[in-house]
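Let's walk through a protein together, one question at a time. Have the picture open as you read.

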Amino acid sequence: MQKSINTLISSERTKKLRDDLLAKKPQMCPERAVIYTRIYQETEGEPMIIRRAKAFRELLENMTIYIQDRELIVGNQASTPRSAPVYPETEACYLLEEGLEHFQKRHEDPFVVLDEAKRKLE
(Lines give C-alpha, C1' and ligand atoms only; values in the text may rest on other atoms or scores of the structure.)
Protein backbone atom coordinates (compact mmCIF):
# COMPACT_ATOMS: atom_id res chain seq x y z
CA MET A 1 0.00 0.00 0.00
CA GLN A 2 2.80 2.45 0.90
CA LYS A 3 4.53 1.96 -2.44
CA SER A 4 1.42 2.88 -4.44
CA ILE A 5 0.91 6.07 -2.38
CA ASN A 6 4.53 7.12 -3.02
CA THR A 7 4.08 6.36 -6.72
CA LEU A 8 0.91 8.47 -6.83
CA ILE A 9 2.57 11.38 -5.02
CA SER A 10 5.61 11.16 -7.28
CA SER A 11 3.42 11.05 -10.38
CA GLU A 12 1.45 14.11 -9.26
CA ARG A 13 4.67 15.96 -8.47
CA THR A 14 6.30 15.16 -11.80
CA LYS A 15 3.10 15.90 -13.72
CA LYS A 16 2.93 19.34 -12.11
CA LEU A 17 6.61 19.99 -12.89
CA ARG A 18 6.04 18.92 -16.51
CA ASP A 19 2.88 21.01 -16.87
CA ASP A 20 4.62 24.07 -15.39
CA LEU A 21 7.53 23.67 -17.79
CA LEU A 22 5.38 23.14 -20.89
CA ALA A 23 3.26 26.18 -20.01
CA LYS A 24 6.31 28.38 -20.60
CA LYS A 25 7.29 29.43 -24.10
CA PRO A 26 10.85 28.51 -25.04
CA GLN A 27 13.08 31.56 -25.12
CA MET A 28 16.64 32.46 -25.90
CA CYS A 29 18.86 33.29 -22.93
CA PRO A 30 21.77 35.70 -23.56
CA GLU A 31 23.44 35.19 -20.16
CA ARG A 32 26.09 32.66 -21.28
CA ALA A 33 26.89 34.61 -24.44
CA VAL A 34 27.39 37.84 -22.51
CA ILE A 35 29.72 36.20 -19.98
CA TYR A 36 31.77 34.30 -22.58
CA THR A 37 32.09 37.32 -24.87
CA ARG A 38 33.32 39.53 -22.04
CA ILE A 39 35.89 36.99 -20.87
CA TYR A 40 37.09 36.27 -24.41
CA GLN A 41 37.58 40.01 -24.94
CA GLU A 42 39.45 40.36 -21.63
CA THR A 43 41.75 37.39 -22.36
CA GLU A 44 42.62 38.13 -25.98
CA GLY A 45 46.12 36.87 -26.77
CA GLU A 46 46.09 34.12 -24.13
CA PRO A 47 46.05 30.44 -25.13
CA MET A 48 42.55 29.32 -26.14
CA ILE A 49 42.43 26.57 -23.51
CA ILE A 50 43.05 29.18 -20.81
CA ARG A 51 40.42 31.50 -22.26
CA ARG A 52 37.87 28.69 -22.30
CA ALA A 53 38.70 27.72 -18.71
CA LYS A 54 38.39 31.33 -17.50
CA ALA A 55 35.08 31.79 -19.33
CA PHE A 56 33.70 28.56 -17.89
CA ARG A 57 34.81 29.54 -14.38
CA GLU A 58 33.17 32.95 -14.77
CA LEU A 59 29.96 31.33 -16.02
CA LEU A 60 29.79 28.94 -13.07
CA GLU A 61 30.51 31.72 -10.59
CA ASN A 62 27.98 34.18 -12.04
CA MET A 63 25.18 32.37 -13.84
CA THR A 64 21.65 32.55 -12.54
CA ILE A 65 20.75 29.66 -10.29
CA TYR A 66 17.18 28.74 -9.52
CA ILE A 67 15.44 25.83 -7.83
CA GLN A 68 11.79 25.37 -8.60
CA ASP A 69 9.22 24.09 -6.16
CA ARG A 70 8.88 20.31 -6.18
CA GLU A 71 12.28 19.71 -7.83
CA LEU A 72 14.28 16.85 -6.38
CA ILE A 73 17.07 17.02 -8.95
CA VAL A 74 18.18 20.54 -9.73
CA GLY A 75 20.37 22.22 -12.29
CA ASN A 76 19.98 24.54 -15.20
CA GLN A 77 21.81 25.80 -18.25
CA ALA A 78 20.03 29.14 -18.69
CA SER A 79 18.62 31.92 -16.53
CA THR A 80 14.98 30.78 -16.67
CA PRO A 81 13.18 27.47 -17.15
CA ARG A 82 12.79 26.35 -20.75
CA SER A 83 15.39 28.79 -22.01
CA ALA A 84 18.26 28.01 -24.35
CA PRO A 85 21.74 29.42 -23.86
CA VAL A 86 23.70 30.91 -26.75
CA TYR A 87 27.21 29.59 -27.43
CA PRO A 88 29.12 32.46 -29.10
CA GLU A 89 32.34 30.43 -29.34
CA THR A 90 30.78 27.87 -31.69
CA GLU A 91 29.21 27.99 -35.10
CA ALA A 92 25.85 28.53 -33.40
CA CYS A 93 26.64 32.24 -33.22
CA TYR A 94 26.53 32.41 -37.02
CA LEU A 95 22.83 31.65 -36.78
CA LEU A 96 22.42 35.04 -35.13
CA GLU A 97 23.54 36.66 -38.37
CA GLU A 98 20.27 35.48 -39.95
CA GLY A 99 18.52 37.80 -37.53
CA LEU A 100 17.10 37.13 -34.12
CA GLU A 101 13.58 37.41 -35.51
CA HIS A 102 14.27 34.20 -37.45
CA PHE A 103 14.17 32.20 -34.22
CA GLN A 104 10.67 33.40 -33.37
CA LYS A 105 9.27 32.70 -36.86
CA ARG A 106 10.72 29.29 -37.62
CA HIS A 107 8.21 26.45 -37.87
CA GLU A 108 10.13 23.92 -35.80
CA ASP A 109 11.36 24.74 -32.33
CA PRO A 110 10.65 28.50 -32.27
CA PHE A 111 12.15 30.62 -29.49
CA VAL A 112 10.88 33.85 -28.01
CA VAL A 113 13.62 36.46 -28.12
CA LEU A 114 12.80 39.17 -25.60
CA ASP A 115 13.84 42.74 -26.37
CA GLU A 116 16.40 42.72 -23.56
CA ALA A 117 17.93 39.50 -24.94
CA LYS A 118 18.07 41.04 -28.45
CA ARG A 119 19.87 44.09 -27.12
CA LYS A 120 22.44 41.99 -25.24
CA LEU A 121 23.06 39.60 -28.15
CA GLU A 122 23.36 42.28 -30.78
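Q: Which residues is phenylalanine 111 in contact with, leaving aside its neighbours within four places in sequence?
A: Contact here means heavy atoms within 4.5 Å. Setting aside neighbours within four places in sequence, phenylalanine 111 has these contacts: Pro26, Gln27, Met28, Ala84, Phe103, Gln104 and Arg106.

Q: Before we go on, what kind of model is this, and how are its residues numbered?
A: Side-chain values use heavy atoms, with hydrogens and water left out, and this is a predicted model, where local features need pLDDT of at least 70 and side-chain atom pairs count only at pLDDT 80 or more, while totals for chains, interfaces and linings use all residues. Residues are numbered from 1 along each chain as its sequence is written.

Q: How many residues make up the largest nonpolar core?
A: A nonpolar core is a set of buried Ala, Val, Leu, Ile, Met, Phe, Trp, Tyr and Cys residues joined through side-chain atoms within 4.5 Å. Buried means under 20% relative accessible area, exposed over 50%, and partly exposed in between (1.4 Å probe, protein chains only). The largest core is made up of Met28, Ala33, Ala84, Val86, Leu100, Phe103, Phe111, Val113, Ala117 and Leu121, so its size is ten residues.

Q: Which pattern does the protein follow along the sequence?
A: Helices (H or I, at least four residues) and strands (E, at least two) are DSSP runs, numbered from the N terminus. The protein has five helices and two strands. Read along the sequence, they give α-β-α-α-β-α-α.

Q: Are α2 and α3 parallel or oblique to each other?
A: Helix α2 (residues 31-42) and helix α3 (residues 48-62) pack with their axes 9 Å apart, at an angle of about 140°. Axes are lines fitted to C-alpha atoms, for helices over the stretch in contact, and angles run from 0 to 180 degrees between N-to-C directions. Angles under 35 degrees count as roughly parallel, over 145 as roughly antiparallel, 65 to 115 as roughly perpendicular and the rest as oblique. The two helices α2 and α3 are therefore oblique.

Q: How many charged residues are in the contact of α2 with α3?
A: On the α2 side the contact includes Glu31, Arg32 and Tyr36, and these α2 residues belong to a set that meets α3 residues including Arg51, Ala55 and Leu59. Ala, Val, Leu, Ile, Met, Phe, Trp, Tyr, Cys and Pro count as nonpolar, Asp, Glu, Lys and Arg as charged, and the others, Gly among them, as polar. The residues of this contact divide into eight nonpolar, two polar and, as charged ones, seven.

Q: Is lysine 118 buried or exposed?
A: Lysine 118 lies in helix α5 (residues 115-121). Not counting residues up to four places away in sequence, lysine 118 touches Leu100, Glu101, Gln104 and Val113. Its relative accessibility is 16%, so lysine 118 counts as buried.

Q: What is the phi of arginine 70?
A: Arginine 70 lies in the loop between α3 and β2 (83-85). At 33% relative accessibility, arginine 70 counts as partly exposed. Although arginine 70 is not a glycine, its phi is positive, at about 75°.

Q: Is glycine 75 buried or exposed?
A: Glycine 75 is found in the loop between α3 and β2. Its C-alpha atom and that of isoleucine 65, ten residues apart along the chain, are separated by 7.7 Å. With a relative accessible area of 56%, glycine 75 is exposed.
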